[in-house]
Amino acid sequence: MNTASAPTTDETSLSARETVKALGAYVRPHRWAVGLGLLCALVGAAGGLLQPLATKTLVDRLATGETVAGILLALTALVVLGTAVEAFGAYVLERTAESVVLAARRTLVGRLLRLRIAEWERIPPGDLMSRVTSDTTLLRAVSTQAVVSAATGAVAFVAAIVMMAFLDVVLLAVTLGVVVLVGGAVALVMPRIARATERSQEAVGEISVALERAFGAFRTVKASGAEERETARVEAAARRAWRHGVKSAKWEAVAGSADELAVQLAFLAVLAVGGARVASGEIPVSTLIAFLLYLFYLIEPVSRLVDAVSSYQEGAAAISRIAQVERLAAEPPARQVGALPRQCAAGTGPASVRFEDVSFRYRAGLPYIHQHVTFEVPGAGMTAFVGPSGAGKSTVFALIERFYEATGGRVLVDAKDVQDWSLPQLRSAIGYVEQDAPVLAGTLRENLVFAAPGATDDDIRDVLARTRLDTLVERLPHGLDTPVGHRGSKLSGGERQRIAIARALLRRPRLLLLDEATSQLDAVGELALRDVVTEVARETTVLVVAHRLSTVTGADRIVVMDAGRVRAVGTHEELVAQDLLYAQLAATQLLAPAR
Ligand SMILES: Nc1ncnc2c1ncn2[C@@H]1O[C@H](COP(=O)(O)OP(=O)(O)O)[C@@H](O)[C@H]1O
Ligand SMILES: [Mg+2]
């Protein structure tokens, strides 16, 4: 995969309207807090707004020789109060912003863990992770600070303009002329900030993707001497993030200094025009002073407006990337979270499985992996799937678990189409050991009860003995509470497989799916587990994908698969006699005479 251009999710950005709508959805639950923050900011701004007027009165009084102590006191009180209120408002807003980020993260995480497997396969997990961790932080500014800045900025701006109009209309016209000129230039720059931010966030996602790739095969990276190359990959992504970040910073700096420029230019213009008007006696000096003070007062609302728009541009990039995740297909949520019932409510006893003329491909355009697959497993007992690698055996299990939907035909569990099952119910009836026996970071105990959170210590002890894990537990420094490392990296392959089997057994499933579950065990261990599975098969439907024929010669039925088709079904003896492929497999693996 080329990290330089990883088109991952549905790349279409949101339209301007959709972005505003999405932003509204984030802010709506916090509208009261945002309102309070806005109120505080307005009170603070009003305090500032009164200062020039007070100054004008002060200057007028100085001219007439009146006392000014009262006005000075009032001014001081105004400043202190205004600052306190503003600080409180800022705290309320920051708090709200954190809540918005939390809410976005919660929805994203809830969504990500329910993604359909086909969607999850399309997008590198690192990219998805960066949307949860990095993009959500960009919401912080836009969802509250920008909203309030825009509102207070606009109000203060209008108020200052009204005051200025009241002082002198000619000077106001001069001011507005300059502001509009500079504002137009800023408007041109704004969309560039959004674009640069989106690119930069994409690159941050690529950093995660590249890191996850290397960490996912850490030993292979080292054994292949690929540290430098993988480092370069991560660095390339980091440099891309830097480049776009700098670009965004550049445009933000342009926009951010434009407001000051506007006011300074206006100041010079007003000084020239106002000076002439004072000289010709059209306005008193105090009016010019007050006007100039309002002009400097204007710096803040204008820079707030500019800040609001540029952080909106940044936020829009993040909102767009988050919305892309929300468009991915997810499985319906489980109705009840937490412990699943030990016995599935939809039935008890061994489950039956039937494939009716199933065809399947992983995606439109890919070749068919299953073609007219038909077989029936009526109830308890062991059914084995054998056949060359790539025949479609693991895919059979994936369809039973409904990780994917069959393209044609029907998959039935308990004579009911899996499409008609509620997903949690269907899966709670099944114990599944994946082909590569994943073990999760955490303690051994966490791994064992992962599929059966309600398991008691007795249950655990029992299953440990059956899977011969008891000696391992005795050896571990903290017994069951020993951490197993990232992906169980502190365990041997065989130990991981035993844990995966124990985990599935603890679930007490009605249907047990074992996909080459003992491939990494030694012969003695494999034989012992075969006995366990045979015992379980007396009261449970057990489906195994066999990696060695020797483990399944005693199975109640064997399904021989080849290139996505079922070649034959029968017992070992029947198949040796009737099926050429099976007879060959048996001949090479069991040293039995081939036909
Ligand atoms: N997630 C997937 N996406 C696309 N193709 C897949 C996927 N998983 C497996 N395949 C393809 O489907 C075929 C059957 O795979 P699988 O059922 O795992 O075979 P088996 O378990 O019999 O070795 C293989 O050719 C494999 O390349
Ligand atoms: Mg397989």
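Colleague: Which element gives the largest share of the shell around ligand 1?
Modeller: Keep in mind that this is a predicted model. The residues around ligand 1 are E121, Y362, I369, S389, G390, A391, G392, K393, S394 and T395. Helix α10 covers residues 393-400, and the largest share of that shell, three residues, comes from α10.

Colleague: How many residues of the shell around ligand 1 are nonpolar, polar and charged?
Modeller: E121 and K393 are both in the shell, and the count of charged residues there is two. Sorting the shell by class gives two charged, three nonpolar and, for the polar group, five.

Colleague: Which strands does helix α10 lie across, and at about what angle to β1 does it run?
Modeller: Those strands belong to an open sheet of four with the order β2-β1-β4-β5 and antiparallel pairing. Helix α10 lies across β1, β2 and β4, and its direction relative to β1 is about 110°.

Colleague: Which are the edge strands there, pairing on one side only?
Modeller: Start from the order of the open sheet, β2-β1-β4-β5. Pairing on one side only is what marks its edge strands, which are β2 (370-377) and β5 (416-417).

Colleague: Which residue of β4 is the bridge partner of E356?
Modeller: Strand β1 (residues 353-360) pairs with strand β4 (residues 408-413) in the antiparallel sense, over five bridges. R354 stands opposite L412 in β4. For E356, the bridge partner in β4 is R410.

Colleague: And which residue in β2 does V358 stand opposite?
Modeller: β1 pairs with β2 as well, again antiparallel and over five bridges. In that pairing, the residue of β2 opposite V358 is V373.

Colleague: Are α6 and α9 roughly parallel or antiparallel to each other?
Modeller: The axes of helix α6 (residues 169-216) and helix α9 (residues 285-326) come within 9 Å and cross at roughly 20°. Angles under 35 degrees count as roughly parallel. So α6 and α9 are, relative to each other, roughly parallel.

Colleague: How do the residues of the contact of α6 with α9 divide into nonpolar, polar and charged, that is, how many of each?
Modeller: α6 passes α9 in a right-handed crossing. The contact includes L171, V186 and M190 of α6 and F291, L295 and V306 of α9. By class, its residues come to three charged, six polar and, for nonpolar, twelve.

Colleague: Is α6 roughly parallel or antiparallel to α8?
Modeller: α6 and helix α8 (residues 227-279) pack with their axes 7 Å apart, at an angle of about 170°. Angles over 145 degrees count as roughly antiparallel. Therefore α6, relative to α8, is roughly antiparallel.

Colleague: How many residues of the contact of α6 with α8 are nonpolar?
Modeller: Seven residues of this contact are polar and nine are charged. The count for the nonpolar class is 33.

Notes
Residues are numbered from 1 along each chain as its sequence is written. Chains are lettered from A and ligands numbered from 1 in the order in which they are written. This is a predicted model: local features need pLDDT of at least 70, side-chain atom pairs count only at pLDDT 80 or more; totals for chains, interfaces and linings use all residues. Axes are lines fitted to C-alpha atoms, for helices over the stretch in contact, and angles run from 0 to 180 degrees between N-to-C directions. Helices (H or I, at least four residues) and strands (E, at least two) are DSSP runs, numbered from the N terminus. Angles under 35 degrees count as roughly parallel, over 145 as roughly antiparallel, 65 to 115 as roughly perpendicular and the rest as oblique. A crossing is left-handed if the near helix is turned anticlockwise from the far one by less than a right angle, and right-handed if clockwise. Two residues are in contact if their C-beta atoms, placed from the backbone, lie within 7 Å. Ala, Val, Leu, Ile, Met, Phe, Trp, Tyr, Cys and Pro count as nonpolar, Asp, Glu, Lys and Arg as charged, and the others, Gly among them, as polar. Two strands pair if DSSP finds at least two bridges between them. A residue is near a molecule or strand if its C-beta atom, placed from the backbone, lies within 6 Å of it.
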